[in-house]
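I'd like to talk through one model, starting with charged pairs and then moving on to the cores. Have a look at it first.

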Amino acid sequence: MRLGITRSAEQLRDLAITAAARGITIVPVPVIDTCWVDFFWPQELAATPDWVVVSSAAGVRSFVEGCKALGRTDYLDLRYAAIGEKTAEALRDQKIDPAMISSHAYGEALFEELVARHVIPGQSVLYARGAEINYDPADLLASRQIQYYPVICYETISVKVDQQVVDSFSPHDYVLFTAPSAVRTFHRQFGVPKVRAIAMGNTTGREMAQFGWPDPMFLAQPDISTVLEQIACV
């Protein structure tokens, strides 16, 4: 069995080893990549924020690199909320211990949990985010009288994939799409996939539906590490 995933070979190295032991070949289909964006510290944020929210490993890396470029060393002293364990691991790689890890790997769930348990009215939240996001917390935070500072520190870019890579899949293989932007880019390049498409999350699945992709599968959890178990049960 071949399992394509819309990430680079470097990002899939550990998963490829585990998959090989199960007789599954991981095929990188990197139709998207992330690019760091230079940012400025919000001028209206006089003091340091009460919380910094990061919703991806790319957000962690780009925020830290951006702070270093600005000459800010206080990023190590801030209080961070992470979406899921993978993002938390990215924080720890930067010598940052997350103060909160969301119970569910969805942006909306992260912010709802944050305001319900940790942030009080009058406090501030800085969101180190991409240029495109699946959930905008602006209304939620405003309704709780929480100051909100979105900082775009990376963007997703399209990558051209060799047609031969896509042609190597049979109708019995799978491709896991990790983001709505991966669906859009794949569709522009190749149209409706001839393999069994898997959506990592509801927003990715909705993007597939908009393009008329038939009957996509959904990961039970939006965590790439669970895909091997899921396809083994089919």
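So, which residue forms a salt bridge with Glu113? Arg117 does, and the closest N and O atoms are 3.5 Å apart. By salt bridge I mean a side-chain nitrogen of Lys or Arg within 4 Å of a carboxyl oxygen of Asp or Glu.

Before I go on, the housekeeping. This is a predicted model, where local features need pLDDT of at least 70, side-chain atom pairs count only at pLDDT 80 or more, and totals for chains, interfaces and linings use all residues. Residues are numbered from 1 along each chain as its sequence is written, and side-chain values use heavy atoms, leaving out hydrogens and water.

Back to our pair. Glu113 and Arg117 both sit in helix α4, residues 107-117, four residues apart, so about one turn of the helix. Helices here are DSSP runs of H or I, at least four residues, and strands are E runs of at least two, numbered from the N terminus. The cut-offs are under 20% for buried, over 50% for exposed, and partly exposed in between, with a 1.4 Å probe and protein chains only.

Elsewhere, salt bridges with shared partners join Glu132, Arg184 and Glu207 into one network. The total count is seven salt bridges.

Two others are worth a click. Arg72 meets Asp74 at 2.7 Å, N to O; Arg72 is partly exposed at 22%, and Asp74 is buried at 19%. Then there's Arg92 with Glu85, at 2.6 Å. Here Arg92 is partly exposed at 35%, and Glu85 is partly exposed too, at 40%.

Now, the cores. A nonpolar core is a set of buried Ala, Val, Leu, Ile, Met, Phe, Trp, Tyr and Cys residues joined through side-chain atoms within 4.5 Å. The largest one has 24 residues, and Trp41, Val52, Val54, Phe63, Tyr80, Leu91 and Leu126 touch the most other members. Elements supplying at least two residues each include β4 (51-54), α3 (84-93) and β8 (147-158). Which element gives the largest share? That's α2, with five residues.

If you centre on Val54, you'll find contacts (heavy atoms within 4.5 Å) to residues including Val60, Ile83, Leu91 and Leu110, not counting residues up to four places away in sequence. Apart from this core lies another, of 19 residues, with Phe169, Phe186, Phe190 and Met208 among them.
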